[in-house]
Amino acid sequence: MNFDFSDDQKQLRDQARRFLAEKCPPKAVRAVLEGKADYDRDLWKGLAEMGFLGVAIPEEYGGTGAGHLELCVIAEELGRALAPVPFSSTVYLAAEALLLAGSEEQKQKWLPKISSGEAIGTLALFEGTGNPSPAAVKLAVSNGTLTGTKKPVADGAIADFAIVAARSGNSGREADISLFLVDLKAGGVTAKPLQNVDPSRQQAELTFAGAKAEPLGAANEGWSILSRVMDRAAVLIAFEQVGGADRALEMGRDYALDRIAFGRPIGSFQAVKHILADMYVSATLARSNCYYGAWALSTDAGELSEAAAAARISATQAFQHCAKQNIQVHGGMGFTWEFDCHLYYRRSNALALSLGSQSYWEDQLIDRMRKKNAA
Amino acid sequence: MNFDDTPQEAEFRAQARAWIDANAPKQYEEELRKASLGRVVLKGANILEVAKAWQKKKADAGWAVPHWPKEYGGRGASPIERVIWQQEEGVFGKLTAMFIIGQGMCGPTMMAYASEEQKRHYLPPLGSGEKVWCQLFSEPAGGSDVAGLRTRAEKDGNDWVINGQKIWTSGAHYSDYGILITRTDPTVPKHKGLTMFFLDMKSKGVEIKPIKQANGNSDFNEVYFTDVRIPDSQRLGNIGDGWNVSLTTLMNERMSIGANVATGFPELFEFCSSLMLDGGPAIEDRAVRSKLANWAVRASGLRYTSFRAISALSRGERPGPENSIGKLVAGSMIQDVAMYALDLQGAGGVLSGPEDAEVAGKFQAMLLRSPATRVEGGTDEILRNIIAERVLGLPGDIRVDKDVPFNQIPTRGRA
């Protein structure tokens, strides 16, 4: 058994960590958080030059074609560094949807631009409060144009194109939903950035008023494509969450070693030690679930949907837990704007909702486990 | 990243599987599968006899303690081969619970500190299950402060004379031998005045009293020593070095990472699939699903954490303190799972008899046994300290008794 990343993949991780330590210090995250830019353009360019944007995109479409395990490794590092760039929407969602369901022409047109950092993509699925479901999709398609509103859309106001879930029938079932690719710069779409709990990553409202849309994948198969894209993105975002959880744990540990109270480091008090031990436990369980997800993603195993839900739930719990407790270990300093704790707290809560709520994924996991047991 | 064996591992697995397939006591397989949390009951058979017979059969074919050297009854298997053996032995491994302490802790300590002659004499029957061993460490005043023990050993000619009391000794009532840690010098700080021995449990002056536990069973014992004589030749390690000897014993336990940790989750999942609530099967209830999902990811997290540890073992690395999380997570989880399973049964959940309770009272038994899991072999709190100190590198607890001679350490809080 070799349930671990290879030496080459670990080298890639070290390389990504060094790169991000230099190009993406907390100062860079704060620049976006405080509204000085809508994303970090230099970092985005750098990620493209490193080949990280196209790491799971085949060479024929401008990527490096390394693979999904490599993408998992990079995702973890982006999560550690809180990279303020539209990586997840462009690479995990838009690029994966194109790879799974795009026509040859669509792939030729968009994937090289993704790899080179020229195009930002996103997925427009949600329409306000609620979880992913075919019935919640109200935005409609008629005669090849879309009308309706999507929010929140991650990176919606900076994206060049969006994959949009739209209603093509009225039965309320999965077969009503089709996917479309919309060039957001071509007119018919207005984008409005929205305030959100993590301003280092943008959320927007996209209003489609007769926007021209080309089908992505077969008509009426949008929901099954979406499910597969969501599963794949769930594993990748889970790696970002594990990266964030680990960093929050490190921050808490380092502070507990440095900070003296009652004449000794606070990390020597059992109450503080136990907080940190529990953070380690949740991060470790999440990492192990993520490894299983990575294996399933890279081999496209039948277990992917179950593994993805488990990784998603476990990693969401771990990042939220570690980010929350990191502030607690820091005491009052943890609640200041000046310390970085809130950056992780914000990101952990934003990522927790990025693909639908915990209860949605809990439901998915139990459904999938039941199916497996029945089989 | 893969789950595949190396060619050598695959070859070893095939051998183990074939032998188990041909020799395991399959008539008990079903009952063993159902047994949960250390409770193995075989209808119409004496578990001790079945266990000893299975162990003997394994020993005759060289499978009893595969990772031990051949001259002591093993086959010189590597740590990863030991894990593979445990995986293949599966539910039949539950039969060998009574040998775990002897083979996991006492054997390795003997191997490290006994004379060659003693090893050849004592180890093979320990491996084969003919002789059962126990570990006499804990004391009433000790608890998690293991080194605070008070059982005395005083030199008298070529013998040592032992007086004192041990407690929580699993299996003492059917053990033939034990390893015993004693205080030989109370005038030095507590860790420095300890010495380790092994002894015949039938020695004159050894008295064993089973303890009736909270769940009504009696798996543990009190053991009293009154002027028990142990020859100096049965001392393990140097005089005063007993603490280091005991650490060897405890470190060895980490190597047994292949066995499945009981979490109660598979049992709960199955139960929720069949239990009918007012509105339909329990598993279709939203609140139930949420609970199940949260425990599912803890169970799978532990499973894949052990796979990561096995991978490290397969590369030749030694398991580290990070493996403490298995019992820490599973221990409290099994307790919570049991409580929840009873809650799902409503008022009827209070019943525990095999005839009246759901699934023959399995969860009620789990409920009453689980508090011990969180204490035995290191409390949740000690395990958290281990993670905090040895994995995360936080400072050790302040130990006010560290440099104080043992006989000057206060013994009462409010005296």
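**Exercise 1. Classify A:Arg370 by its relative accessibility, then describe its salt bridge to chain B.**

Step 1. A:Arg370 has a relative accessibility of 28% and counts as partly exposed; buried means under 20% relative accessible area, exposed over 50%, and partly exposed in between (1.4 Å probe, protein chains only).

Step 2. The partner of A:Arg370 is B:Glu284, with the closest N and O atoms 3.3 Å apart. A salt bridge here is a side-chain nitrogen of Lys or Arg within 4 Å of a carboxyl oxygen of Asp or Glu.

Step 3. This pair crosses between chains: B:Glu284 is in the loop between β10 (280-281) and α9 of chain B, and A:Arg370 is in helix α11 (residues 358-374) of chain A. Helices (H or I, at least four residues) and strands (E, at least two) are DSSP runs, numbered from the N terminus.

Step 4. B:Glu284, at 49% relative accessibility, is partly exposed.

Conventions: the model is predicted, local features need pLDDT of at least 70, side-chain atom pairs count only at pLDDT 80 or more, and totals for chains, interfaces and linings use all residues. Residues are numbered from 1 along each chain as its sequence is written, chains are lettered from A and ligands numbered from 1 in the order in which they are written, and side-chain values use heavy atoms, with hydrogens and water left out.

**Exercise 2. Describe the interface of chain B and chain A.**

Step 1. Contact (heavy atoms within 4.5 Å) involves 48 residues of chain B and 44 residues of chain A.

Step 2. The two chains bury about 4,300 Å² between them, 62% of it on carbon and sulfur atoms. Buried area is the accessible area (1.4 Å probe) that two parts lose on being put together, summed over both.

Step 3. On the side of chain B, the most area is lost by B:Met1, B:Arg289 and B:Arg308, together 20% of what that side buries.

Step 4. The rule finds 7 salt bridges across the interface. B:Arg384 and A:Asp278 also meet in a salt bridge, at 2.7 Å, N to O.

Step 5. At least two residues each of the side of chain B that touches chain A come from α8 (265-274), α9 (286-314), α10 (325-344) and α12 (380-391) of chain B. The largest share, 19 residues, belongs to α9(B).

**Exercise 3. Which parts of chain B do the salt bridges B:Lys58 to B:Glu89 and B:Glu139 to B:Lys166 link?**

Step 1. In the pair of B:Lys58 and B:Glu89, the closest N and O atoms are 2.6 Å apart. B:Lys58 is in helix α3 (residues 47-60) and B:Glu89 in helix α4 (residues 79-89) of chain B, 31 residues apart. Both residues are buried.

Step 2. B:Glu139 and B:Lys166 meet at 2.9 Å, N to O. Because B:Glu139 lies in the loop between β1 (133-136) and β2 of chain B and B:Lys166 in strand β3 of chain B, the pair ties together parts that are 27 residues apart in sequence.

Step 3. B:Glu139 is buried at 5% relative accessible area, and B:Lys166 is buried at 0%.

**Exercise 4. Is A:Arg347 buried or exposed, and which residues does A:Arg347 touch?**

Step 1. A:Arg347 lies in helix α10 (residues 341-352) of chain A and is buried, with a relative accessible area of 4%.

Step 2. Its side chain reaches the backbone oxygen of A:Leu82 at 3.0 Å.

Step 3. Not counting residues up to four places away in sequence, A:Arg347 touches residues including A:Leu82, A:Asp198 and A:Phe319.

Methods. A polar contact is a pair of N or O atoms within 3.5 Å; within protein, one must be able to donate a hydrogen and the other to accept it, and residues adjacent in sequence count only if both atoms are side-chain atoms.
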